[in-house]
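Trainee: Please take me through one part of this model in detail. I would like to see how the inside is put together, starting from a single residue.

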Amino acid sequence: MTREHSVTLRAPRSSDIDARLALGYSAEITRMFGGSAGTRSDMTREQASTWYHRLADHPCGWIIEVDGKLAGEARLDNINRQDQRARMAIGLFSDRSLGRGIGRAAVRLVLDQAFGEMGLHRVDLRVLSFNERAIRCYRACGFRHEGTERESAFIDGARHDDWIMSILRPEYEGSLER
């Protein structure tokens, strides 16, 4: 929870199609996800429906809700029960949600699920090296930079590095004690 907002994770529901459609695309956020910043701003109902069904069918996919309204999505992908690890993917959809502690609260909720109920040992993620806002958020939540995939993303005619960041259960548990 942020100081001003109630951040929760919940299962997707069909009303999220209209909420996602209303949020549309943000050029800045699209670029931070690895898309071309100038290619689209409007979302179609078909795109919103496809997004909803993909998330609703995901075994560990959640809606990030802020004060009762859709703000983004979070997932744990590539879950490996043998090795007790997963890859986190998270994103907010509106520029108005950025810089307010919402992402940080949502990351912590996902990590609570991963290290608590799911009993995982490791959660990692990929983030574009120029996405400084996200990197600050992940570091604040205890993630460490552990590697770079050099020039692995081609965005708007330029090559960019991907960072691999991770957090282990003992590191997360230690951060809760502070």
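**From one cysteine to the core**

Mentor: Leaving aside neighbours within four places in sequence, Cys-60 is in contact with Ala-74, Arg-75, Leu-76, Ile-79 and Met-118. Keep in mind that this is a predicted model. Cys-60 sits in a loop, between helix H3 (45-56) and strand S2 (61-66). Is Cys-60 buried or exposed? Its relative accessibility is 9%, and the cut-off for buried is under 20%, so Cys-60 counts as buried. Cys-60 and Leu-76 are 16 residues apart in sequence, yet their C-alpha atoms are 5.5 Å apart in space.

Leu-76 leads on to the largest nonpolar core. That core has 35 residues. Leu-76 is among the members that touch the most others, together with Ile-64, Met-88, Val-107, Val-123, Tyr-138 and Phe-143. Which elements give two or more residues to this core? They are S2, strand S3 (69-80), strand S4 (85-92), helix H4 (102-117), strand S5 (122-128), helix H5 (132-140) and strand S7 (158-168). H4 supplies the largest share, 8 residues. In general, nonpolar side chains tend to be buried together in soluble globular proteins.

Now look at Phe-143. Not counting residues up to four places away in sequence, Phe-143 touches Met-88, Val-107, Leu-111, Val-123, Asp-124, Leu-125, Tyr-138, Met-165, Ser-166 and Ile-167.

Go back to H4 and its packing. H4 and H5 meet at an angle of about 45°, with their axes 9 Å apart. The two helices are therefore oblique to each other. Their crossing is right-handed. On the H4 side, the meeting residues are Gly-103, Arg-104, Val-107 and Arg-108. On the H5 side, they are Arg-136, Cys-137, Tyr-138 and Ala-140.

H4 has another link to follow, through an aromatic ring. A search of the whole structure finds 2 aromatic pairs. One of them joins Phe-115 and Tyr-172 in a tilted arrangement, 5.5 Å centre to centre with 35° between the planes. Phe-115 lies in H4 and Tyr-172 in helix H6 (residues 169-177), so the pair ties together parts that are 57 residues apart in sequence. Phe-115 is buried, with a relative accessible area of 7%. Tyr-172 is buried as well, at 4%.

Terms used: Residues are numbered from 1 along each chain as its sequence is written. This is a predicted model: local features need pLDDT of at least 70, side-chain atom pairs count only at pLDDT 80 or more; totals for chains, interfaces and linings use all residues. Side-chain values use heavy atoms; hydrogens and water are left out. Helices (H or I, at least four residues) and strands (E, at least two) are DSSP runs, numbered from the N terminus. Buried means under 20% relative accessible area, exposed over 50%, partly exposed in between (1.4 Å probe, protein chains only). Contact means heavy atoms within 4.5 Å. A nonpolar core is a set of buried Ala, Val, Leu, Ile, Met, Phe, Trp, Tyr and Cys residues joined through side-chain atoms within 4.5 Å. Rings of Phe, Tyr and Trp (its six-membered ring) pair if their centres lie within 6.5 Å; planes under 30 degrees apart count as stacked, over 60 as edge-to-face and the rest as tilted. Axes are lines fitted to C-alpha atoms, for helices over the stretch in contact, and angles run from 0 to 180 degrees between N-to-C directions. Angles under 35 degrees count as roughly parallel, over 145 as roughly antiparallel, 65 to 115 as roughly perpendicular and the rest as oblique. A crossing is left-handed if the near helix is turned anticlockwise from the far one by less than a right angle, and right-handed if clockwise.
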